[in-house]
Amino acid sequence: MAFGQEVIAAPDTSVELKELVVLSSRDFFQRNSTVIADNPDLKLLNQKIPNSLSDAVARIPGVSQISTGPSISKPVIQGLYGNRLYIGLSGIRFDNQQWQDEHGLGLSMPGISGIQVIKGPASILYGSEAIGGAILIEEEEGDIGKGFSEIGLTVSANGRGLKGDIAYSPKWDKNWAVLRIGLENNADIQDAHENRILNSRQSGYFLKSGLGLQHNKWTQEFHFQSSYSQFGFILEDLNSFFDADSRWTRAMNGPHHNVLLNLLSVQNQIPLKKSTLRVDLGAQSNLRQEDEGGGSISLNMHLLSFSGNVFWEKQAGKTALFKASYQNSFSNNTNYGGRILIPDANTYESNLSIYMLARAKKCTRIELGIGTGYRRIHTFETNTFNEPGSEIGPFSRKRGSVSFMAGFGKRIKDNWSARINLANGYRAANLAEIASNGLHEGVYRYEVGDPNLKTEKNIKAEFITKSTQKEGSFSASTFINSFGNYIYLAPTAESYFGFPVFRYRQASAKLYGWELRGEWTPSKLNFLKVKSSINWLRGQLRNDENLPFISPLTNRNSIRLEFNSKGKKQHYYFEPEAYIAAAQNKPAQFETKTPSYTLLNLYCGLIMPSEKGDFDINLAISNLTNRQYVDHLSRLKYYGISNPGLNVQVSIRKRFSN
């Protein structure tokens, strides 16, 4: 089965990123959809040994990451992140309390078999949290009638990191099963000057399992995963109360997060007489705790979520495709600790949409979709945090909106095509934005929400053109994303026991930018592949203030050499890469300017396939010249800390056929 949410995805504009269409009408969609989705080749991504899922998708043009060292990071799509991005995992919405800057996704790469990134509003498909795009994650499946075992090990020099996992998938006639367990940890990392980044350590354990059943009239897929992770976090005055411990310890003696995740999903695909019905059900438990360094838990939040989605699709001949979907979700947030940032609350959301894709003569494609959504948040009195009479007491808020999308594509010549997409999205303010009223020590500020925030809305227009030649391809795209009632956090003149007070505000905003991609493989040198991408982005409020976490102009270039040994099946690759980031001289109100930098990376490896199973050895050297630099989206810069220095990683993975 394909991605859990079966969305209106389309071929990618990059040659290396393989084409993947996730509707059952696969061939029709692949030829005709105007919606652009990036579907990275996971084999190539894993060869670069990313630290996490966020680190992996940040290698896609137009995608970056907010990071607090290598362990905590979250993806940013064209300047939007957190609750403006929908994260789909195993068919259901993944929620990791991502409204906080220092909360990473916490998802590791082993056991993931597919990633899809949609840039732009996808609210008609996923509701309020898809105003900026969607990242869909597909968990691995076993092979029907085949079985395998697998073992993987990765070691990192910077931080003495270690990752390992083992998997087993038994043989089963018309069905499949898979089980994978793993662990990962690292000590404190260091910058290019060998300065220790105190408390940047991390450790975690995970279990992932899947079961596929083929019934007479439908297929079922079950996925369950559980993980427990600990992340050290860095405070403004950490050195004043936390003395440096043993250099390579993994012990969580200082301030840290504890995150326990359990997620279960069931996906059902039912073929009808002339259409297909899909029903997805899921439950998720996310427990987040914070120890401020005293050995006791202060913040203790539990988010319990349930979701149910229904999709129906029908293809009309060879020229049209129709799709309808209805999605519901319910979540409950409960506090058990003494420190509270957001109150106990229930959130309910529903989303209904219809969609059509039609193909006309002369390779003309038309897509239309419309959706409506509703969200209700009800907060409860939570100890003394929001007792009646306080600035923000218990309340109930309802928000609804309508979204649409339209796309037009046409082949101009045999090797030139053009696409225009127009879509809008909406986002009801999340619980933190409307109900926060507490000290957020992780970012050294007191945050206050506003229960009267209006629904955030946007409309995005995008133009894409692509040329495909015999020896390569080139694509160019430009977009403008205009927001009404954009919600942002702004400093005030107030203070709370020495901590600055920040309040959530609203204003009109806009993001705009462009992207160029090129790839060249000489016909007489088919072992050589040259790739380059350039991205530029700008984000502003109505008063011309700059939006936060806006990546500067970036340029990524690589030369990849691939060849096979004579008479043998061994496959070698060698890929040097240069990543260039321009200076960011237009910071947001509480950011600082960031100088330009250039990083050199190197990837090489050996793949030895066989009937008994493949054996891969990969080497990744990041920041090859040990450059001292600061990434604009790194939260370490707030504390005067540079990004990590030179890091050498080795990954070994062996698969055995059962």
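**Exercise 1. How many helices and strands does the protein have, and why does it count as compact?**

Step 1. Count the elements. The protein has 5 helices and 32 strands. Helices are DSSP runs of H or I with at least four residues, strands are runs of E with at least two, and numbering starts at the N terminus.

Step 2. Check the radius of gyration. It is 24 Å, close to the 26 Å from the globule rule for 658 residues, so the protein is as compact as a globular protein of that length. The radius is taken over C-alpha atoms, and the rule is 2.2 Å times the number of residues to the power 0.38.

Step 3. Note the source. This is a predicted model, where local features need pLDDT of at least 70, side-chain atom pairs need pLDDT 80 or more, and totals for chains, interfaces and linings use all residues. Residues are numbered from 1 along each chain as its sequence is written, and side-chain values use heavy atoms, without hydrogens or water.

**Exercise 2. Describe the aromatic pair of Tyr446 and Tyr496.**

Step 1. Apply the rule. Rings of Phe, Tyr and Trp (its six-membered ring) pair if their centres lie within 6.5 Å; planes under 30 degrees apart are stacked, over 60 edge-to-face, the rest tilted. The count comes to 11 aromatic pairs.

Step 2. Read the geometry. Tyr446 and Tyr496 are tilted, at 4.3 Å centre to centre and 35° between the planes.

Step 3. Locate the partners. Tyr446 is in strand β23 (residues 445-448) and Tyr496 in strand β25 (residues 472-496). They lie 50 residues apart, so the pair links distant parts of the chain.

Step 4. Check exposure. Buried means under 20% relative accessible area, exposed over 50%, partly exposed in between (1.4 Å probe, protein chains only). Tyr446 is buried at 13%. Tyr496 is partly exposed at 34%.

**Exercise 3. Which rings have a charged end over them?**

Step 1. Arg84 sits over Tyr486, 4.2 Å from the ring centre. Lys654 sits over Phe656, 5.3 Å from the ring centre.

Note on methods:
A charge sits over a ring if NZ of Lys or CZ of Arg is within 6 Å of the ring centre and within 35 degrees of the ring normal.
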